[in-house]
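Biologist: I am new to this structure. Could you take me through some of its helices and residues?

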Amino acid sequence: MAGGEEQKAKAAKEGKKAKAGGEGKKPNAGGGGKKKEVKKETGLGLSYKKDENFGEWYSEVVVNSEMIEYYDISGCYILRPWSMCIWEIMREFFNAEIKKMKIKECYFPLFVSPTVLQKEKDHIEGFAPEVAWVTKSGESDLEVPIAIRPTSETVMYPYYSKWIRGHRDLPLKHNQWCNVVRWEFSNPTPFIRSREFLWQEGHTAFATKEEADVEVLEILELYRRIYEEFLAIPVAKGKKSEMEKFAGGLYTTSVEAFIPNTGRGIQGATSHCLGQNFAKMFDITFENEKGEKAMVWQNSWAYSTRTIGVMVMVHGDDKGLVLPPKVASVQVIVIPVPYKDADTQGIFDACTATVDSLNEAGIRAEADFRDNYSPGWKYSHWEMRGVPLRIEIGPKDLANNQVRAVRRDNSAKVDIPRANLVEQVNELLKTIQQSLFNAAKQKRDACIQTVRTWDEFVDAVSKRKMILAPWCDEEEVEKDVKARTKGEMGAVKTLCSPFDQPELPEGTLCFASGKPAKKWTFWGRSY
């Protein structure tokens, strides 16, 4: 598992080092001159390598890159502007898309009464260990404890029952951006598993199952776009097994990512068809066009700040964070490189003009004019923070009316004439975005192993693969696979059955039971 709470002290210590390199703060000059050159990457380098100690590496990267800060309550984290900007960019995209689908924004309270929470038995059993309760007000015990939402089905649906009366009230389509609390687990990990996290949750009601089915896949496609087009992470779209589906729902679809370094799958986002189960529990009925009473069909769907953690895990390297340009708070950092007798003011003016030109073209660019750090120190600082493109301007660049651009993803350097600046930087940013996706897909695909027998499955598990296997789709067999693979690393389970199904020749048998196989399914350990 990626760095747990036990890494807190170490990460905090590393965080202090990073803060020493924060903007506007001076390095320890040890009593030396005002502009002491920092030749070594002191306080900026990572203590751990991604391939050698992934958990410690992850803990360091999220703190040193100024994405998060540890908080004094276990499993809770401060999301700093560097990460909140990523969330905001994804939110803007998603909001614009769901508005086209006529989905309206709303907000429901954080608190849930026990009677409402416990109305849907399967649903609450699925969440029971995670529910946090408010039991006191000041020094007084509350007469009835109040739950803090782990999700909002039971918060919203009593009111859907009130608002939906006839077929003209349908479809009802709401989305809210909020925080939820899930108070459990022993290995909290920033972004991936935290006790409080941010998400959006959509809750919709339809007159027919066909309408609900269509929306489930439309939303899932938006989640695929967030991962693949914005975060440059390949995902598999598919359906969850009965055992892994949303508690109380009819069926669950998901986008599944994979972390090659740990050999674990990670559920990226989910889109559920709830069927009519919640409608039955909360009496959400309507009068149809024939004047008959009918129950609505419902969906719920969500993605969370977990997306950011997946991005860090997939793209980060031994220099720190690597941000895809589409979600980077700063896409281009411009750094002046003045030498001893250089025209410093001329270089600074060129840097300012460069930033202005890029900003006017809609590119998020900034310049680092801090005079208490060397250019080399600044390179390391912005590499740690994952800025996709660095532009350096020195005396030669000034003389040749050009800039030097350095890519964060592969360190490739190119000189760009200032006359072609905007056009070439735009092209570079597009190339970086695509290169990150291609590299991630290549690594992910190399981890996918197709198996047909139990022995091949066990071998693939030992190699930490994302396994594609023919399966009979029986819950007892899935439980048996989980039981037989339980170990220190955690049990293997189904990730999803991909919609893009390879051919299943007649007579193909399930890898685990030997019964006739019904589908191909991804299996693996997961977060």
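Modeller: Contact means heavy atoms within 4.5 Å. This is a predicted model, in which local features need pLDDT of at least 70, side-chain atom pairs count only at pLDDT 80 or more, and totals for chains, interfaces and linings use all residues. Residues are numbered from 1 along each chain as its sequence is written, and side-chain values use heavy atoms, with hydrogens and water left out.

Biologist: Which residues does Thr-354 touch?

Modeller: Leaving aside residues up to four places away in sequence, Thr-354 touches Val-334, Ile-391, Ile-393, Val-403, Arg-418 and Leu-421. Thr-354 lies in helix α10 (residues 344-360); helices are DSSP runs of H or I, at least four residues, numbered from the N terminus.

Biologist: Is Thr-354 buried or exposed?

Modeller: Thr-354 is buried, because its relative accessible area is 2%, and buried means under 20% (1.4 Å probe, protein chains only).

Biologist: And where is Glu-383?

Modeller: Glu-383 is in helix α11 (residues 375-384). Its relative accessibility is 17%, so Glu-383 counts as buried. Its contacts, not counting residues up to four places away in sequence, are Lys-319, Leu-321, Arg-390 and Arg-408.

Biologist: Turning to α13, which residues are buried there?

Modeller: Among them are Leu-421, Val-425, Leu-428, Leu-429 and Ile-432. Leu-421 is also one of the residues that Thr-354 touches.

Biologist: Which residues of α3 meet α7?

Modeller: In α3, Ile-89, Met-90, Phe-93, Phe-94, Glu-97 and Ile-98 meet Ile-219, Leu-222, Tyr-223, Arg-225, Ile-226 and Phe-230 in α7.

Conventions
Helices (H or I, at least four residues) and strands (E, at least two) are DSSP runs, numbered from the N terminus. Buried means under 20% relative accessible area, exposed over 50%, partly exposed in between (1.4 Å probe, protein chains only).
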